[in-house]
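Trainee: I am new to this structure. Please take me through it in short steps.

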Amino acid sequence: MLLSTLWCAILGFSVVPETFAAPLTSDTPSNSAITDLERRWFSIKPGGQVQREWRSKVLLYCFHDAASQTKLSGLFDSGWQMWVNAGVSPDYATKSLISPCRQDALVVSATTGCEIFTSLGWSPVAWANTMRFDPSNECGFGNPVTNMAHEIGHSLGLIHEHQRSDASGIIKFDYDDCKNLKDYRRFKNMKNGKKPLYHMRSLCSNLNLASQAGFSARDMIPYTGLNAVPYVAGNRFDTRSIMLYSSRCGASPGGKDVLKFRDGSIIPPPTEVSRVDAERIRLLYPRPTPTP
Ligand SMILES: [Zn+2]
């Protein structure tokens with residue numbers, strides 16, 4: 001599942017078996033006090049069997065080795081602080097560093113080559129929770145702190161905003177954009193004998209095919225149908241989400257942009273965790289109801 005070419009990757013939907021599927025709902029809370037602001041997000045469902053929220057609201061993490069800790073410890077703290085600044089207090093979710101690593105913790109490793117990858121939510125499967133992170137300035141959003149905040153968002157349970165099933169009304173990702181992906185040419189040149197291994201138009205538009213191939217369009221193509229079933233989305237698209245790729249994510253260095261807004265305008269890198277991002281975390285990790 002890991003690709004050296006990914007810039008802002010998450011663990012794909014393929015870890016979720018179809019038997020886990022349930023009807024797609026808008027996850028509308030029964031609490032009528034929930035405001036429209038709180039309904040813009042794309043995340044795991046609370047209480048899932050395979051990908052779920054962290055137990056006891058604590059993101060338990062450890063570093064794979066001493067070098068990873070040296071490179072990433074401060075960045076992890078800074079990325080977490082962006083969530084705190086947006087309103088995620090320890091009442092909702094917090095983090096705890098442990099050493100040595102445990103099989104139920106998020107194991108954080110430093111990487112190179114802009115390999116950035118974080119498993120989605122918390123999994124009960126031993127050693128399944130991983131973050132692989134290149135702290136270089138040229139990766140992802142071009143800022144390792146905002147990159148880290150984005151990856152922490154995945155670990156807490158949030159999915160790319162641009163992969164919501166309704167994203168095509170807001171975001172443009174067509175075949176011409178797909179050609180600008182960093183690994184497009186590599187996949188285009190793969191051969192099965194003398195024939196091309198992949199039909200690139202299909203690989204650029206079909207989430208299952210892109211995921212199976214390990215092609216980075218899997219981090220761009222909106223989820224539809226069964227792919228979207230295990231997840232829930234709020235009412236409206238959040239254009240300020242830390243989980244929304246900027247136009248440079250996934251692009252070749254010096255090459256053209258990939259994702260854009262529907263009107264062709266550039267998606268700038270985020271500078272903060274949005275209020276809606278933080279609100280979704282507060283809904284996923286609610287404050288306990290006080291007992292009378
Ligand atoms: Zn991501």
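Mentor: First, a term: helices (H or I, at least four residues) and strands (E, at least two) are DSSP runs, numbered from the N terminus. Residues are numbered from 1 along each chain as its sequence is written. This is a predicted model: local features need pLDDT of at least 70, side-chain atom pairs count only at pLDDT 80 or more, and totals for chains, interfaces and linings use all residues.

Trainee: Which residue follows H2, and what is its phi?

Mentor: H2 covers residues 144-156. The residue that follows H2 has a positive phi. That residue is Gly157, with phi near 125°.

Trainee: How far apart are the end C-alpha atoms of H2?

Mentor: The expected span of a helix is 1.5 Å times one less than its number of residues. H2 has 13 residues, so it should span 18 Å. The distance found agrees: 18 Å.

Trainee: Why is H2 called largely enclosed by the rest of the structure?

Mentor: A residue is buried if 20 or more other C-beta atoms lie within 10 Å of its own, exposed if 12 or fewer, and partly exposed in between; C-beta atoms are placed from the backbone. The buried residues of H2 include Met148, His150 and Leu156. H2 is largely enclosed because its buried residues number 12 of the 13.

Trainee: Where does H1 bend?

Mentor: H1 has 21 residues and reaches 30 Å from its first C-alpha to its last. A bend is the angle between axes fitted to the seven residues ending at a residue and the seven starting there. In H1 that angle is about 45°, at Leu72.

Trainee: Which residue of E7 stands opposite Val108?

Mentor: Two strands pair if DSSP finds at least two bridges between them. E5 (residues 106-110) and E7 (residues 130-133) pair in the parallel sense over four bridges. Opposite Val108 stands Met131.

Trainee: In E5, which residue is the bridge partner of Tyr61?

Mentor: E5 also pairs with E3 (residues 58-63) in the parallel sense, over three bridges. In E5, the partner of Tyr61 is Leu106.
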